[in-house]
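Take a walk through this model, residue by residue at first and then as a whole. Keep the sequence and the 3D view side by side.

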Amino acid sequence: MSNRIFVALDTPDLDRAKAMAARVRHHVGGLKLGLEFFVANGALGVRELSHSGLPIFLDLKLHDIPNTVAKAIQALGDLAPAILTVHASGGQAMLEDAKAAAPATTKVVAVTMLTSLDDQDLAATGVQGRAHDHVLRLTELAKQSGVDGIVCSGEEVEAAHRVWPSGFFVVPGVRPAAGVVGDQKRVVTARQALDRGASILVIGRPITQAEDPDAAARAIAATL
Ligand SMILES: O=c1ccn([C@@H]2O[C@H](COP(=O)(O)O)[C@@H](O)[C@H]2O)c(=O)[nH]1
């Protein structure tokens, strides 16, 4: 993939998502559709966006018992997104069953620790230790479970890559230097994420909320 930016189309509005995809399509490598979009538009909406010809990353972050996650993936039918997310903390059996239920062409990637959380937030969930160590533990679990890769922040991706050299690494929490961080807490620039081993970058608001989204996407792509 020559352009490793997946733009996050975080909107419930199908027409807005389609318009944004049409605007930025020449400056990104794929489209990421998340819960907000999927709840509002379902599989039909995903299918509409796939007409763009760009690979679809379906970011559902599934997290439930193994049977429920596997059935939910089967229920996607022939959608076959290029990338699909589940939560690593669902455990080994859930990860194994998720991978088994997904089409062979779909990369199943496990979210380790959301980029909106920091060490303090982690402690508040009852997990002792640093985000860095937690991400590496879950990277090891994902690797053992046979999924294709993980989602982590740019702060951990280099170490995670050392743990799993053949893994597929998705990095959200990407911001231009001195850009608005918003609710993200573990952020790096697009260039830093790639230099540290990211396979693809997920970028939402820095593109979609920009005054000129195609110029914003082009400017970020030019740094890569
Ligand atoms: O740890 C995670 C996992 C997923 N995301 C998703 O990425 C985008 C980021 O959007 P921005 O507007 O660039 O912050 C969003 O769709 C999240 O659901 C994440 O941010 N962190």
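Asp64 is partly exposed, because 15 other C-beta atoms lie within 10 Å. The scale behind that word runs as follows: a residue is buried with 20 or more other C-beta atoms within 10 Å of its own, exposed with 12 or fewer, and partly exposed in between, the C-beta atoms being placed from the backbone. Asp64 is found in the loop between E3 and helix H3 (66-74). Helices (H or I, at least four residues) and strands (E, at least two) are DSSP runs, numbered from the N terminus. Leaving aside neighbours within four places in sequence, Asp64 is in contact with Val69 and Gly90. Contact means that the two C-beta atoms, placed from the backbone, lie within 7 Å.

This is a predicted model: local features need pLDDT of at least 70, side-chain atom pairs count only at pLDDT 80 or more, and totals for chains, interfaces and linings use all residues. Residues are numbered from 1 along each chain as its sequence is written.

An unreviewed UniProt entry annotates Asp59, Lys61 and Asp64 as "active site". UniProt positions follow the numbering used here, feature names are shortened, and annotations may be inferred rather than shown by experiment. Now turn to Asp59, which sits in strand E3 (residues 56-62). Is Asp59 buried or exposed? Asp59 counts as buried, because it has 26 C-beta neighbours inside 10 Å. Beyond four places in sequence, Asp59 is in contact with Lys32, Leu33, Gly34 and Thr85.

Next, the ligand. There are 16 residues around it, and Ala8, Thr115, Pro172, Gly204 and Arg205 come nearest. Strand E8 (200-203) and helix H9 (205-208) are the elements that give two or more residues to this shell. A residue is near a molecule if its C-beta atom, placed from the backbone, lies within 6 Å of it. By class, the shell has eight nonpolar, five polar and three charged residues. Here Ala, Val, Leu, Ile, Met, Phe, Trp, Tyr, Cys and Pro count as nonpolar, Asp, Glu, Lys and Arg as charged, and the others, Gly among them, as polar.

Now look inside. The largest nonpolar core has 65 residues, of which Val7, Ala98, Ala110, Val171, Leu201 and Ile203 touch the most other members. Such a core is a set of buried Ala, Val, Leu, Ile, Met, Phe, Trp, Tyr and Cys residues joined through C-beta atoms within 7 Å.

Some loops deserve a stop. Ala80 lies in the loop between H3 and strand E4 (83-87). Its phi is near 40°, a positive value in a residue other than glycine. Ala178 also has a positive phi, about 65°. Ala178 is in the loop between strand E7 (168-171) and helix H8 (190-195), and it is exposed, with 7 other C-beta atoms within 10 Å.

Finally, step back. The chain has ten helices and eight strands. Of its 224 residues, 42% count as buried. Among contacts between residues at least 6 apart in sequence, 66% join residues at least 24 apart. The unreviewed UniProt entry annotates residues 4-220 as "domain: Orotidine 5'-phosphate decarboxylase". Over residues 4-220 the chain is 42% helix and 17% strand, and the end C-alpha atoms are 11 Å apart.
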